[in-house]
Amino acid sequence: MMAEDAAESLLIEGRLRQALENNEFSLMFQPIIRTGSTEICIVETLLRWTNGQNEKIAPDRFIPVAEASGLILDIGRWVLHAACKQASYWQQTRTIPIVVSVNASPLQLASPRFCDDVQAAIDAADLPPSLLTIELTERLMVEEDAITSANIRRLTEMGVRVALDDFGTGYSSLSYLTRYPIQCIKIDRSFIAKIECDAQSRALVQAIIGIGKSLKMVMVAEGVETQEQATLLEMMGCDYLQGFLIGRPVSAAAL
């Protein structure tokens, strides 16, 4: 089994090296709306890959390979440029601009070039930095190093928003919320899924929102799938909602 997995990883890595040159990547966007509204004001950018054989490769198959091989740096650079270009187009064609939110891998955040890559993407698209958000994971906060810390601070200095994704998934320390200039917390879907029927989950989500609000952070609930969840989150004071109730990932043209 391990040999089969290793062989598949090698195959995927080989094809990934050609994917950028062959223009095999595309972006999908999942809507995020302000609570109580229907207007799309933020989208999370999601990478998709259709290879030369017209096969759709799931992100959970190719992203780990891209990270292990270091190819995520080149792929991430492409995502930044494509996302910023799309956000710039929306700024020119929509009454209300859309903020694009891009996930950054630990390898990207540990690169001394990362903020230069972000700045280059913004400049090439002529995009105001406030229309770009970089999403980080909690693991990055716990496994911090000097370069990662410097990159997070520089992003904020550049005017780019910084969001903490999947909040609450496995780490109990909250000290990084005050240590870093984070503007947004995204509450993990595992908490949202139970708020309709579980009092402890409701209390926990309410506490997370309370902490975020006290620190003047924007709160986003992930994985919102029912109207009852949306109503409860609005009552709790959550700022934004994301999930299948709001909209599934779609192409830019479908937004």
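This is a predicted model: local features need pLDDT of at least 70, side-chain atom pairs count only at pLDDT 80 or more; totals for chains, interfaces and linings use all residues.
Ground rules. I number residues from 1 along each chain as its sequence is written, and my side-chain values use heavy atoms, with hydrogens and water left out.

Overall fold. I looked up the secondary structure and found 11 helices and 9 strands in the chain, both being DSSP runs numbered from the N terminus (helices H or I, at least four residues; strands E, at least two). I also noted that the C-alpha atoms fill a box of roughly 50 × 50 × 40 Å along the principal axes. Buried residues make up 45% of the 255 residues, where buried means under 20% relative accessible area, exposed over 50% and partly exposed in between (1.4 Å probe, protein chains only).

Cysteines. I searched for disulfides, which are pairs of cysteine sulfur atoms within 2.5 Å, and the structure holds 0. Cys84 is in none, the nearest cysteine sulfur being that of Cys115, 13 Å away; Cys84 counts as buried because its relative accessibility is 0%. The sulfur of Cys184 lies 9.1 Å from the closest cysteine sulfur, in Cys238, which is too far for a bond, and Cys184, at 14% relative accessibility, also counts as buried.

Leu215. I placed this residue in the loop between helix H10 (199-214) and strand E8 (218-221), and I record Leu215 as partly exposed because its relative accessibility is 34%.
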